[in-house]
Amino acid sequence: KSLLNGKTFTFPNDETNRVTPRIPLPSEGVNDMITMSDLSEASILWNIKVRYDHRQFYTYIGSILVAVNPYHMYHDMYSTTYVRKYENALVMNSLPAHIFATASLAHNKMLTDKMNQCVVISGESGGGKTQSTKLIMNYLATVNPGKNKLITEQILEASPLLESFGNAKTVRNDNSSRFGKYIEIYYSQKSIVGAKLSDFLLEKSRIVTHSTDERNYHVFYELLEGFDNEEKRKYGLTTPEKYFYLNQGASMAISSKSDANDFQSLLTAMKILNFTKNEQETIFKILAAILHLGNIYFSRNIEDPSHDLIQISSKTEIEWCSHLLGLNDQGLLQNLTHKVTEARDERLLSPFNLEQALDSRDAIAKALYSTLFSWLVARINQIVRVNNTVDNSIAILDIFGFENFSINSFEQLCINYANEALQFHFNRHVFKLEQEEYAKEKLAWKKIDFADNTDCLDLIGKKPNGILQILDDESNFPKATDHSFLHKCHRLHESNRLYGKPRLLKTTFSIRHYAGEVEYDVRGFLDKNRDLLRGDVIDLFSSSRNEILANMFRDIRDVYESHRGFHFKTGRFITMKAKTPTVSAKFSDSLSHLIETMTRCQPTFIRCIKPNNDKTPNKLELSVVLEQLRNTGMLETVRIRKLGFPRRYLFEQFAKRYRCLIPNSPDNVDVKETTVHILNTLSAKFTLKYQIGITKIFLRESLEYHLEKERSLVINKAASTIQRAIKSYIQQKQFEKQRRAVVFLQKQYRRWLDNKK
């Protein structure tokens, strides 16, 4: 009752009191697909539970694949044998539910329908999105590697490289992606010819701070475990617990991960991706320099306690940073302890207090890492770019799931805004467009309501008064504060039913998302949104003796100057151009472009579910799963799909595809008549499973599955007939050849005998 808000249901075999339900035998059958007639909260939950206990972690809900994370890698389930087994699976549910079946359907649709495909992988952190992405990419690379196998291998090796730099251990997940990625794999003549990677919202704050039992990004620990003593001496490194940026979570190792082995995988990936030795060394120098930066400490000047002046307490770390980054010692020291102010062609130095100096140190560390990450993505795209024409593509979206922590900040607002946008896309594809199509085609259809989250999207991002728009406006005022931003939000949105203003004087506001209400703490919102590097810092790194590092920051300087008309050498604004885009503005633009790109593709949805909150293998908690099913909108989705007709074909497409189901059908008959004739041959139980529109036929998924199954049987029978005829012809020819040979031998032998006589 507590799980289902007071609703009750009976478990099969009345085993409600058993901790582990009875596992059905293979002969009894475990449903791979929950059919639309079976859809209910209870049936979905129970089916997933039984299948999970039976080591079957994939279930179809309609055409949506639900993947439950087992927290254990069953390698036998993802072998080449399984790839070949699902390679030609043209009909859903013709084989047991599997992520390879979904990948196969998307791949075959791209080849047959000549339409771009998009696999949308979503779910909470810990649901297995990263692993699902890798499995789909491995499948595509195995079934159709392309003529240039190096390109395919490079595309695959990009994943472990970015996983090292963009994934980290969190309290919910040992390998959590702290950025979103959209991978487009391009095909020409049915072969992979290249790819393009887009990244979203790298979690920069993790570089300088993380919570208890969490880690910084994997690459730091892999570096320290993978380097031998000589290499550590070269970069001035020791062990992870010695570095402030790594030891805050008191979690140095992960039981399920070997950092030393993963470092070797990282080196292999860099080699396959053709990173030069100089590029690899620059990467390691930047990573080592960030660790040294974190160990730079400041203290108040005891000789002059009347002033809030500071002094460096760790000059050795300054020297290491300067050496590794190719900088002048004094230049780095000045940027850490002083702010440069430009006034009338003069550069005035203002000393930092202790808190400002620590903030300056952390800002430099975050800038170094995020710049390196952006450079890696651009470098990978340069290596795997498409050099010839493209026919179609398959895209894979792996993006952060909905987040609701005890304290939610700017990052959570952006992440949840992205999830709202994806839910809108999902709603639009599944609900809105379908109902509009029904009306356009004049189907007998009673419009039904669904949870439309357009109002929430408008509250967060719509111009001119959306929350992110207010944040951008405030970010452009030097004297604006987090409190002034919050006050403006309260004033403009207090009456909005989705917006919550706290009763007490707190620095928070709340938003009712599609997945539940989330409270956001605005402290730090403006600084995180501005995320501006000081001009003197960019200038310092642009003058580095390391040409690769210098070019990274010169590109940033060019962007700043082009947007603001600000010249770093003179410190003057030379034009009145637009302000530099804020983090939220760039993220909103990227998100809009992503949704626009996805709209042009045929989507396939995979919902990743975590079975429990403590990352225990082979343990499923019903309450945890049910909450995620509700948060992802799955139950709302299946309710609509149960009532609607989600499959549609033009009459010409339907007649061409299913004409084989009516024997001896003439080719010159009108396609609509052919469509009606095919449907009339069906049994009475399918009468309510379709509707005929003006230009299209609309089907429910169960009917399409039946038609596909029947079509597959007819095609297989036809193929067997052709094979039988050809084999008969070959055997007949072989027999005739052998018969002629035998007759010839007999003739020659008789001739020899007659001659001898």
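Is helix α4 mostly covered or mostly uncovered, and how many of its 15 residues are buried? Helix α4 is mostly covered, with 11 of its 15 residues buried, where buried means under 20% relative accessible area, exposed means over 50%, and partly exposed lies in between (1.4 Å probe, protein chains only). Please keep in mind that this is a predicted model, in which local features need pLDDT of at least 70 and side-chain atom pairs count only at pLDDT 80 or more, while totals for chains, interfaces and linings use all residues. Residues are numbered from 1 along each chain as its sequence is written, and side-chain values use heavy atoms, with hydrogens and water left out.

**Overall picture**

- The protein has 26 helices and 20 strands; these are DSSP runs numbered from the N terminus, with helices being H or I of at least four residues and strands being E of at least two.
- Of its 757 residues, 52% count as buried.
- Among contacts between residues at least 6 apart in sequence, 67% join residues at least 24 apart, a contact being heavy atoms within 4.5 Å.

**Helix α4**

- Helix α4 spans residues 129-143, and its 15 residues reach 21 Å from the first C-alpha to the last.
- That reach is close to the 21 Å expected at 1.5 Å a residue, the expected span being 1.5 Å times one less than the number of residues.
- Its buried residues include Leu135, Ile136, Met137, Tyr139 and Leu140.

**Salt bridges**

- A search of the whole structure finds 35 salt bridges, each being a side-chain nitrogen of Lys or Arg within 4 Å of a carboxyl oxygen of Asp or Glu.
- Lys169 pairs with Asp213, with the closest N and O atoms 3.3 Å apart.
- This pair links distant parts of the chain, 44 residues apart: Lys169 is in the loop between β5 (167-168) and β6 (176-177), and Asp213 is in the loop between β8 (191-200) and α6 (218-226).
- Lys169 is buried at 9% relative accessible area, whereas Asp213 is partly exposed at 39%.
- Lys696 and Glu437 form another salt bridge, their closest N and O atoms being 2.5 Å apart.
- Here strand β20 (residues 696-699), which holds Lys696, is linked to helix α14 (residues 410-440), which holds Glu437, and the two residues are 259 apart in the chain.
- Glu437 is buried, with a relative accessible area of 14%.
- Asp539 and Arg557 also meet in a salt bridge, at 3.1 Å from N to O.
- Asp539 lies in helix α19 (residues 535-542) and Arg557 in helix α20 (residues 547-564), 18 residues apart.
- Both partners are buried, Asp539 at 15% and Arg557 at 18%.
- Arg178, Glu203, Arg206, Glu214 and Glu403 are linked in a network of salt bridges.

**Around Asn408**

- Asn408 sits in the loop between β13 (392-398) and α14, and it is buried at 1% relative accessible area.
- Its side chain reaches the backbone nitrogen of Phe405 at 2.7 Å.
- Not counting residues up to four places away in sequence, Asn408 touches Glu403, Val518, Glu519, Tyr520 and Asp521.
- Glu403, one of those neighbours, also belongs to the salt-bridge network.

- Strand β15 (residues 508-513) has 5 of its 6 residues buried, so it is largely enclosed by the rest of the structure.
- Strand β14 (residues 499-500) runs antiparallel to β15, and 2 bridges join them; two strands pair if DSSP finds at least two bridges between them.
- Tyr499 has Ile511 of β15 as its bridge partner.
- On β15 and strand β16 (residues 516-521), 6 bridges join the two in an antiparallel arrangement.
- β15 and β16 form a hairpin with 2 residues between them, and Ser510 stands opposite Glu519 in β16.

**Cysteines**

- The count comes to 0 disulfides, a disulfide being a pair of cysteine sulfur atoms within 2.5 Å.
- Cys118 is in no disulfide, as the nearest cysteine sulfur, that of Cys601, is 5.4 Å away.
- Cys118 is buried at 1% relative accessible area, and Cys321 is buried at 0%.

Key: Polar contact = N/O pair within 3.5 Å; in protein donor to acceptor, adjacent residues only side chain to side chain.
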